[in-house]
Amino acid sequence: MNKNNIEIIKHFFSKDENKILLINQVSEEIGCFYELLLDEISSIYKVKIEKNTSTDFFNSSNDMFQEKKILLCYSTNSKKIEDLSNSKYQKIIISDYKNFKKFQKKFLVINGYQYEKDITYFLKNVYKINDESLINYCVSLPYFTLSEATKYKVNKSGYIADAKNKALNNLILEIRKDIFSLRKSKIDIKELFSKIKNEAMYKKFNFLAY
């Protein structure tokens, strides 16, 4: 049975047996989620992540207090990734799907296309959050996962309404932009009336959410 990606990351931080963890970031937004996730899990295992592209820096390995360090770098260059694989220290490489496919049998890998499962698993099993509203919100905006989860833990009782209102406020803002554009251009009275009616409806719903 394959391990969940979160468990793979935890295993990587807790052991020295794998020298490279390669993550297919898919997009910058999803890559941001994994980078924040790495910071969060590394703190649990008291591992310092160094975002440094200089390999000479890492040749000295850990410091005099034996603090465990792991290099984190971004690269889509297959040759550079090959070169990094020859070094002895542990490193995490955030790359693309091409290199994920190329190195998946050689390195420990995370497929970023599974980010929805990873967000859900992380929130439920690490942060102990089972709120479906929050989980869905984070899946739609992966780079907000850690900040939203933190806010939820601080203010659990008021978070659900807050998350819903963000979405509603964004929707209302978009409707207002459409109304403004319609008023500036050649006006379609029927469409303008429909937009104004929608705005009123969502405003009413937003008020009732409180």
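The legends below describe an overview and several close-up views of a predicted model. Residues are numbered from 1 along each chain as its sequence is written, and side-chain values use heavy atoms, with hydrogens and water left out. In this predicted model, local features need pLDDT of at least 70 and side-chain atom pairs count only at pLDDT 80 or more, while totals for chains, interfaces and linings use all residues.

**Figure 1. Overview of the protein, with its ten helices and five strands.** Helices (H or I, at least four residues) and strands (E, at least two) are DSSP runs, numbered from the N terminus. The protein has 210 residues, and 39% of them count as buried. Buried means under 20% relative accessible area, exposed over 50%, and partly exposed in between, with a 1.4 Å probe and protein chains only. The accessible surface comes to about 12,700 Å², and carbon and sulfur atoms hold 53% of that area. Accessible areas come from the Shrake-Rupley method with a 1.4 Å probe; for residues, only the protein chains shown count as cover. Among contacts with a separation of 6 or more, 55% join residues 24 or more positions apart. Contact means heavy atoms within 4.5 Å.

**Figure 2. Packing of helix H2 on helix H6.** Two packed helices are described by the angle between their axes and the distance between the axes. For H2 (28–44) and H6 (115–125), the angle is about 35 degrees and the axes are 11 Å apart. Axes are lines fitted to C-alpha atoms, for helices over the stretch in contact, and angles run from 0 to 180 degrees between N-to-C directions. H2 and H6 form a left-handed crossing; a crossing is left-handed if the near helix is turned anticlockwise from the far one by less than a right angle, and right-handed if clockwise. On the H2 side the contact consists of Ile30, Phe33, Tyr34, Leu37 and Glu40, which meet Tyr115, Asp118, Ile119 and Phe122 of H6. By class, the contact of H2 with H6 has seven nonpolar, no polar and two charged residues. Ala, Val, Leu, Ile, Met, Phe, Trp, Tyr, Cys and Pro count as nonpolar, Asp, Glu, Lys and Arg as charged, and the others, Gly among them, as polar.

Figure 3. Leu36 counts as partly exposed, at 31% relative accessibility. With neighbours within four places in sequence left aside, Leu36 is in contact with Tyr143 and Leu146. Tyr143 is 107 residues away from Leu36 in sequence, and their C-alpha atoms are 8.1 Å apart.

**Figure 4. Packing of helix H6 on helix H7.** The two axes cross at roughly 145 degrees and come within 10 Å. The crossing of H6 and H7 is right-handed. H6 contributes Tyr115, Glu116, Ile119, Thr120, Leu123 and Lys124, and H7 contributes Glu132, Ile135, Cys138 and Val139. These residues of the contact of H6 with H7 divide into six nonpolar, one polar and three charged.

**Figure 5. Packing of helix H7 on helix H8.** H7 (residues 132–140) and H8 (residues 145–154) pack at an angle of about 160 degrees, and their axes are 9 Å apart. H7 is therefore roughly antiparallel to H8, a term for angles over 145 degrees. H7 passes H8 in a right-handed crossing. Leu134, Tyr137 and Cys138 of H7 meet Thr145, Glu148, Ala149 and Tyr152 of H8. The contact of H7 with H8 has five nonpolar, one polar and one charged residues.

**Figure 6. Ala149 and Thr150, two residues of helix H8.** Ala149 is buried, with a relative accessible area of 0%, whereas Thr150 is partly exposed, with a relative accessible area of 40%. Leaving aside neighbours within four places in sequence, Ala149 is in contact with Leu123, Tyr127, Ile129 and Leu134. The C-alpha atoms of Ala149 and Cys138 are separated by 8.5 Å, at eleven residues apart along the chain. Thr150 and Tyr127 lie 23 residues apart along the chain, with 8.9 Å between their C-alpha atoms.

**Figure 7. Positive phi at Val26 and Lys128.** Most residues other than glycine have a negative phi. Val26 has phi near 70 degrees and is placed in the loop between strand E1 (20–24) and H2. Val26 is partly exposed, with a relative accessible area of 33%. Phi of Lys128 is near 60 degrees, and Lys128 lies in the loop between H6 and H7. Lys128 is exposed, with a relative accessible area of 61%.

Terms used. Parallel < 35°, antiparallel > 145°, perpendicular 65-115°, else oblique.
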